[in-house]
Amino acid sequence: MTDTEQSVPEHCPGTQSEDAGKASACAGCPNQKICASGDTKVVDPGIELVKERLGDVKNKILILSGKGGVGKSTMTALLSRSLALEDAARNVAVLDIDICGPSQPRVLGVLGEQVHQSGSGWSPVFVEDNLSVMSIGFLLGSADDAIIWRGPKKNGMIRQFLSEVDWGSLDYLLIDTPPGTSDEHLSASTYLANAGLTGAIIITTPQEVALLDVRKEIDFCRKVNINILGVIENMSEFICPCCNVKSEIFPPKTGGARQMCEDLNVVFLGSIPLDPKLARCCDEGKDFFAELPDSAAITKLKEVTGKIVQICDGSN
Ligand code: ADP
């Protein structure tokens, strides 16, 4: 059993349950007394630990999406590369807490790497000298392991991830979250609120069906006081690599993300085109910036990166 699995009992009923501290699974748990006392106001010691650990991380950014498959993990990886590439003196890291679908090890080309633990915590895996990554994907025995985890176990894992990775000093920490608004988001936002979360970037595609979920995501952020840094529209158009003709694969019936941002008073960070070569590079873990430096997607990504840096500089 790993440290991670020990942090929360397998069948923990959760602190809000009537059985909290009384269920058979609670026997031996260090929090049993607190839970049984029913004092739900007890402050989670993890909150202070996360604050301490992330004290040297200047910008902490959650990457969110309403739906799966809109390119959230791809954008997280590309933005991290773009931020690291733009300034060699800038330290960037990615934390992948997409527990049921951790894809950063593959997209960043470090699949199968081992994570080491030392006295000062887990060491992240380095992709470049100034770009590191930590993912649940490095720790799971099998890709299917986490799918059946319940809320408290996920919460424990996220707390460990936020408080026990030895990042050192960072300029940007991008946190790749699962799609939607679930336990993982509530856990991450609770822990990060105290540690000074810079804000969230929301990824969407132009279709109304994706935008509907983004509206819910924006609503969630506002309810839990997460600053929305902006929205990126991914796969906005397809530029044919042979004839350079542009086509809209997902025609935006309601004005797309740009209109939605105007309606909801949120910053529109830009649109990234659909590029099959980009998908191939990410699947193969290759560096898109090195492989295809002249692509339209790269130009757009650099523009978006510039805007993000500007917004973050303004909010520090
Ligand atoms: P999510 O994290 O939102 O579930 P992914 O980042 O895993 O989505 O992307 C889903 C698929 O779409 C992947 O195969 C990825 O390579 C592809 N993809 C994402 N963005 C683009 C893009 N701009 N052009 C081409 N393919 C893309």
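Predicted model: local features only at pLDDT ≥ 70, side-chain atom pairs only at ≥ 80, totals over all residues.
The shell around the ligand holds 14 residues, of which Gly69, Lys72, Ser73, Thr74 and Asn234 come nearest. By class, six residues of the shell are nonpolar, six are polar and two are charged. In the side chain of threonine 74, an N or O atom is 2.5 Å from an oxygen atom of the ligand. Of the 560 Å² of accessible area that the ligand has on its own, the protein covers 78%. Two or more shell residues are given by each of α4 (72-86), β9 (228-239), β11 (268-274) and α10 (276-283), and α4 gives the largest share, three residues.

The whole structure contains 11 salt bridges. One of them joins the side chains of glutamate 128 and arginine 81, with an N to O distance of 3.3 Å. This pair links distant parts of the chain, since glutamate 128 is in strand β5 (residues 125-128) and arginine 81 is in helix α4, 47 residues apart. Glutamate 128 is partly exposed, at 36% relative accessible area, whereas arginine 81 is buried, at 8%.

A salt bridge also forms between aspartate 213 and lysine 216, whose closest N and O atoms are 3.4 Å apart. Both residues lie in helix α8 (residues 208-223), three residues apart, or about one turn of the helix. Aspartate 213 counts as buried because its relative accessibility, 16%, is under 20%. Lysine 216 is exposed, at 56%. Through shared partners, salt bridges join Lys67, Asp213 and Lys216 into one network.

Notes: Residues numbered from 1 in each chain as written. Heavy atoms only, no water. Near = heavy atom within 4 Å. Polar contact = N/O pair within 3.5 Å; in protein donor to acceptor, adjacent residues only side chain to side chain. Areas by Shrake-Rupley, 256 points an atom, 1.4 Å probe, with all protein chains shown as cover. Helix = DSSP H or I, 4+ residues; strand = E, 2+ residues; numbered from the N terminus. Nonpolar A, V, L, I, M, F, W, Y, C, P; charged D, E, K, R; others polar. Salt bridge = Lys/Arg side-chain N within 4 Å of Asp/Glu carboxyl O. Buried < 20%, exposed > 50% of the residue type's maximum accessible area, 1.4 Å probe, protein only.
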